[in-house]
Amino acid sequence: MKFNYSLDDMRSFCTVVRYGSFRQASVMLDMPLSTLSRRIAKLETDLGLRLLNRDAHRVQLTHAGQQYYKSSAHLFDELENVASCLLQDKDQAKGTIRISAPVNFGSDILAPHFNAFLKQYPDINLDLRLSNQTIDIDAQAIDIAFRIGEHSADHWIGRQLTHIRFMICAASNIDVSDIRVPSDLAKYPTVLCTPMSTWHLQHRMTGEVYTYQPMNDVRLRVDNISLLTGAIADGIGLGFIPDYDANPLINSGSLQWVLPEWNNQPRGCQMLYRDRDNMPHRMHLLIDFILKRFGK
């Protein structure tokens with residue numbers, strides 16, 4: 001048997017029972033008394049049962065009304081609890097934020113910022129998903145995503161955080177003095193890291209561009225910058241690594257910069273999120289925290 005009554009009718013009935021008065025219930029529901037009376041009458045008609053006995057002084061539940069109230073009242077208590085939790089999401093600094101980021105950018109650059117955020121907001125938790133694969137951030141229910149280079153999430157808002165340049169590097173004990181132009185790189189073994197298997201180079205002074213795609217003597221292919229950097233430092237081959245990894249190792253003498261007048265066009269790093277108007281307070285806090293830490 002199909003019933004046609006609405007949740008509004010059920011809520012009206014439960015409110016009348018809770019306050020024991022149509023008049024008080026109409027005030028609590030901000031509903032005209034005549035409208036409330038019609039709703040209850042319609043609910044009884046739809047159910048084919050009398051739920052309330054009314055007289056001039058009081059409202060009494062019938063046996064069917066007692067059963068109906070007992071079965072339905074808790075539903076609205078649960079809905080109130082859900083609404084209360086959602087309001088807490090909107091106003092309180094608590095809960096979990098699910099984040100997606102590239103492996104090395106996440107561990108080398110973002111991790112200290114995340115740790116500082118967690119110390120400042122002890123009731124907020126971060127669920128950090130690091131991957132060099134382009135995941136479906138909608139299907140994975142990601143709240144905030146970090147991407148390097150172009151992204152395809154057109155309906156997400158993107159805020160530029162920084163730019164990353166890649167540098168050609170070699171172990172410090174390898175003689176690279178005969179590498180004067182990019183075409184000379186073909187004389188040396190290389191280590192590649194996906195997706196940077198093609199090196200788009202640009203001369204820092206002249207703006208000349210050169211595309212180098214290592215084809216011969218590729219000693220190692222990896223999908224992790226740390227593995228790439230370690231292999232280069234061990235002398236396995238030349239490699240193309242981000243400046244935030246390369247500069248400390250160059251300064252320490254572990255690596256040397258090959259063709260320093262050539263590097264790639266900077267790749268932007270963006271923080272992606274959905275419409276700020278309808279997001280939990282915790283996400284507002286993290287977004288503003290990251291923007292401030294990156295000087296935006």
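Predicted model: local features only at pLDDT ≥ 70, side-chain atom pairs only at ≥ 80, totals over all residues.
## Overall form

The chain has 296 residues, and its radius of gyration is 32 Å, whereas a compact globule with that number of residues would have one near 19 Å. Along the principal axes, the C-alpha trace spans about 105 × 40 × 35 Å.

Its secondary structure consists of 8 helices and 15 strands. Of the contacts between residues at least 6 apart in sequence, 72% join residues at least 24 apart.

Buried residues make up 39% of the 296 in the chain.

## The largest nonpolar core

In soluble globular proteins, nonpolar side chains tend to be buried together. The largest nonpolar core here holds 42 residues; those touching the most other members are Ile144, Phe146, Ile168, Leu185, Val258, Met271 and Ile290. Elements that each supply at least two residues of this core include the strands β3 (95–101), β5 (144–148) and β15 (267–273), along with the helices α5 (103–120) and α8 (281–293). The largest share, 7 residues, comes from α8.

Leu185 is one of the residues with the most core neighbours. Apart from residues within four places in sequence, Leu185 is in contact with Ile168, Ile179, Trp199, Leu201, Tyr212, Leu238, Val258 and Leu259.

## A second core

A separate core contains 18 residues, among them Ala25, Met31, Leu36 and Leu47.

Terms used:
Residues numbered from 1 in each chain as written. Heavy atoms only, no water. Core = buried A, V, L, I, M, F, W, Y, C linked by side-chain atoms within 4.5 Å. Buried < 20%, exposed > 50% of the residue type's maximum accessible area, 1.4 Å probe, protein only. Helix = DSSP H or I, 4+ residues; strand = E, 2+ residues; numbered from the N terminus. Contact = heavy atoms within 4.5 Å. Rg over C-alpha atoms; globule rule 2.2 N^0.38 Å.
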